[in-house]
Amino acid sequence: MAPRSSAAETQQTRQRRHSSIDIAVEAKSALDLATHQTYDENVFLFVPNLIGYARIILAGLALNYMPEHPKACTLLYGISCLLDAVDGMAARSLGQTSKFGAVLDMVTDRCTTSCLLCFLSSTYPSFALFFQFLITLDFSSHYMHMYSSLVTGSRSHKTVTSEVSRILWYYYNDSRTLFAFCAGNELFFVSLYLMHFNKTPIGYPFPALAQVFLSTFTSFIPASSSLLLTAVVSKIATIIANLSWAQLLALITGPVCFAKNIINLVQLWKASKILVGVDLAERAREREVLEMREE
């Protein structure tokens, strides 16, 4: 199954590259084009980019309410994050994909998450170094990945082949996987934020649910196993009942956040190796040119 998947993925990548048109434009010419662009095709006013501006405004409002209004902050922050999925769909369906939109989307993601982590650093000062590490890893891995994509001629940082990294290929080429990891990562940080304000235990539902579960399944298993199952389920239900909803959400999404940052580490390492490989190739070419001149 793996060779077929790799071959299909490679063929799709080649088709995208051949169907696209790469035009080298000097900075001054690009600046003039952007200055005199018409209303009919104003990239700044593309629908997905307008959604991007809305995300920035919502994130700014969320940051304003962050210190004292957790409900308003969480609502605004959540809508801003959910629009991250909408702008991509709008760009593809309307034929309005753009380099500006892709960078705007990535910069907005990095900045909003970093601002939340900065707040968490002040809220949980004993973990400040940990949050600072996450900010550093997030920025460095995405910047180096984006730059390595540009220098190797890729039109998008999401175009990753399985030959480069199977982990990154699964991560970027399945929109559901990408959404699940990004959503889980953000939900973990939001749950840490809400834990600062909400410490009320969940209470009633879980012990009751545990009793329903036990009454349903204990009749189908031996008595010795039934006693063990009852003890384990009751203990788990008691632990969960003593947690707040924010703490429970943190427990659920914590592993996703951990996996997301492992992916960031892989992304950083692969991008570093690609850039070093490009350096080595360029140095080899320079030596060849010098040898040809000497001859």
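A disulfide, as counted here, is a pair of cysteine sulfur atoms within 2.5 Å. This is a predicted model, where local features need pLDDT of at least 70, side-chain atom pairs count only at pLDDT 80 or more, and totals for chains, interfaces and linings use all residues. Residues are numbered from 1 along each chain as its sequence is written, and side-chain values use heavy atoms, with hydrogens and water left out.

Cysteines to begin with. How many disulfides does the count come to? It comes to 0. Cysteine 111 is in no disulfide, and the nearest cysteine sulfur, in cysteine 115, is 6.4 Å away. Now cysteine 118. Its closest cysteine sulfur is also that of cysteine 115, at 6.1 Å, and that is too far for a bond.

How open are these residues? Buried means under 20% relative accessible area, exposed over 50%, and partly exposed in between, with a 1.4 Å probe and protein chains only. Cysteine 111 is partly exposed, at 35%. Cysteine 118 is partly exposed too, at 47%.

Next, salt bridges. The rule is a side-chain nitrogen of Lys or Arg within 4 Å of a carboxyl oxygen of Asp or Glu. The whole structure has 6 of them.

Take arginine 55. Is it buried or exposed? Buried, with a relative accessible area of 2%. Arginine 55 pairs with aspartate 109, N to O, at 2.6 Å. That pair links helix 3 to helix 5 (residues 99–123), 54 residues apart. Helices here are DSSP runs of H or I, at least four residues, numbered from the N terminus. Aspartate 109 is buried as well.

Arginine 55 also bridges to aspartate 84, with the closest N and O atoms 3.4 Å apart. Aspartate 84 sits in helix 4 (residues 70–94) and arginine 55 in helix 3 (residues 47–65), so this pair ties together parts 29 residues apart in sequence. Aspartate 84 is partly exposed, at 21%.

One more pair. Aspartate 174 meets arginine 176, with closest N and O atoms 3.5 Å apart. Aspartate 174 is partly exposed, at 26%. Arginine 176 is exposed, at 67%. As for shared partners, salt bridges join Arg55, Asp84, Asp105 and Asp109 into one network.

Last stop: glutamate 295. Where is it? Glutamate 295 lies in the segment after helix 11 (245–294). It is exposed, with a relative accessible area of 82%.

That's the tour. Over to you.

Definitions and conventions
Helices (H or I, at least four residues) and strands (E, at least two) are DSSP runs, numbered from the N terminus.
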